[in-house]
Amino acid sequence: MNLNTVKYTFELIKPNQLIEVRVIGSKTYSGYFREVDVLISELEKFENDNVYFVLNEINEACYSREQKDKFYDKPKNTTSDNDIVSKQWLLIDVDTKRATGVSSTDEEKNKSKVIANKVYKYLRDIGFNDPICADSGNGFHFLYKIDLPNDVESKDLQSNFLKVLDLYFSDEAAGIDKSVFNASRITKLYGTFARKGKSTTDRPHRQSMITKVPKEIKTTPKELIQRVAENLPKKEAPKYQNNYGRDEFDLDKFINEHNIAVTSTQNYGDGTKYILEACFFDESHKGKDACLFKLSNGAIGYKCFHNSCSERKWQDVRIKFEPSAYDVKNYEQTRVTEKIKLHPQKENIADLHDREEHGDPQNQCDQRRGQHFNQRTRQVDFFSDSAVKDIR
Ligand SMILES: [Zn+2]
């Protein structure tokens with residue numbers, strides 16, 4: 001291991017903070033340290049193991065635990081989510097998809113580099129400040145400086161943020177780890193080796209390292225993280241007027257009905273990605289630039305990676321093909337039609353209409369009822385329903 005890098009990691013990421021390092025090998029060890037030099041002298045014996053550290057700010061009280069200034073095998077307590085004071089780093093972990101328990105090949109690792117570079121560019125264009133970049137051994141990390149409280153809102157925000165990146169950038173070869181949002185997350189200690197499986201020529205153990213540090217580490221505001229997270233597709237509400245009934249919106253049917261050209265589809269753990277021949281809003285956006293997403297929970301999304309399309313969402317696609325899809329007025333009117341069809345015996349429509357036209361001597365209450373109903377029948381007229389025609 002490179003102890004200089006280990007030292008640099010803590011100076012950079014956890015200056016003057018309590019540190020917990022965890023060693024995961026044949027046994028799991030944990031140690032809490034305030035002094036990096038003490039930590040390093042204790043760490044040297046774990047040269048052949050995988051070493052991690054707790055990324056976020058730990059409650060100082062944890063320093064009094066039994067593993068103070070030394071490593072303990074199976075300690076009673078290690079850092080839990082409740083022990084985190086605040087979230088200081090947003091970790092993006094791009095890793096190769098490979099058999100578990102083995103190191104990546106150079107070819108696999110390069111594929112995760114391609115994805116990491118795309119993620120970097122996307123976030124930079126949104127306005128994210130430069131991250132610390134690291135080589136995790138088998139993949140790549142970005143650490144964006146943030147300042148968020150350790151609460152449910154931050155947890156959901158970070159989780160949704162990673163889900164969106166996964167949706168946009170992961171492919172069959174490499175992807176964004178969606179699980180690294182929890183407050184007490186441990187991550188590879190840079191300067192130590194990634195030792196998954198046996199070290200072989202094509203799948204070697206590699207030393208992790210910090211590869212790039214911005215001149216000034218600036219905090220990325222929460223609002224920018226939200227801008228990414230809010231792109232997480234939402235469930236499409238069924239709409240009565242589009243013949244989709246009350247069932248879940250059927251994206252495959254939509255694609256077929258509107259002859260949308262799909263180049264290829266990729267299946268995820270979470271759903272399906274449809275790579276489109278061209279963007280709906282600019283035909284020159286081709287290749288893998290534009291995609292539709294269908295998640296396993298029924299949510300649907302759209303993304304074109306060109307800057308001019310950065311604000312385009314699934315709802316814009318839907319409206320392009322079905323202009324009245326989100327028309328609330330239409331939606332309400334359709335409901336009225338359905339209500340009358342369902343309960344025609346409740347009110348004698350013709351009688352009420354007639355009474356309204358000829359000024360039936362009813363009391364005010366009944367007149368109000370008549371006016372109200374008249375509005376409803378007029379609304380229904382828009383739909384040229386045969387039942388309504390009879391009334392007229
Ligand atoms: Zn586009």
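**Burial.** I call a residue buried if 20 or more other C-beta atoms lie within 10 Å of its own, exposed if 12 or fewer, and partly exposed in between, with C-beta atoms placed from the backbone. By that count, buried residues make up 29% of the 392 residues in the chain.

**Ground rules.** This is a predicted model, where local features need pLDDT of at least 70, side-chain atom pairs count only at pLDDT 80 or more, and totals for chains, interfaces and linings use all residues. I number residues from 1 along each chain as its sequence is written.

**Overall make-up.** I take helices (H or I, at least four residues) and strands (E, at least two) as DSSP runs, numbered from the N terminus. The chain has 11 helices and 18 strands. For contacts I ask that two C-beta atoms, placed from the backbone, lie within 7 Å. Among contacts with a separation of 6 or more, 68% are between residues 24 or more positions apart.

**Helix α1.** Which residues of α1 are buried? In this helix (residues 3-13) I find Val-6, Thr-9, Phe-10 and Ile-13. They line one face of the helix, because seen down its axis they fall within an arc of 90 degrees (taken from the directions from the helix axis to the C-beta atoms). Asn-4 and Glu-11 are exposed, on the face turned away from the buried side. I looked for what covers the buried residues of α1, and the cover includes β1 (19-24), α2 (36-43), β6 (84-96), β8 (140-149) and β13 (209-212).

**The core.** My nonpolar core is a set of buried Ala, Val, Leu, Ile, Met, Phe, Trp, Tyr and Cys residues joined through C-beta atoms within 7 Å. The largest one has 64 residues, and Val-21, Trp-89, Val-94, Val-119, Leu-143 and Leu-165 touch the most other members. Helix α4 (residues 152-169) gives the most to this core, with eight residues. At least three core residues come from each of domain 1 (3-229) and domain 2 (234-321), with bounds from an automatic or database domain assignment. I followed up Leu-165: leaving out residues up to four places away in sequence, it touches Ile-92, Val-119 and Ile-176.

I count two strands as paired if DSSP finds at least two bridges between them. β15 (residues 262-267) and β16 (residues 271-276) run antiparallel, joined by five bridges. They form a hairpin with three residues between them, and Ser-264 has Ile-275 in β16 as its bridge partner. On to β17 (residues 290-295): five bridges join this strand to β16, again antiparallel. Here Gly-271 is bridged to Leu-295 in β17.
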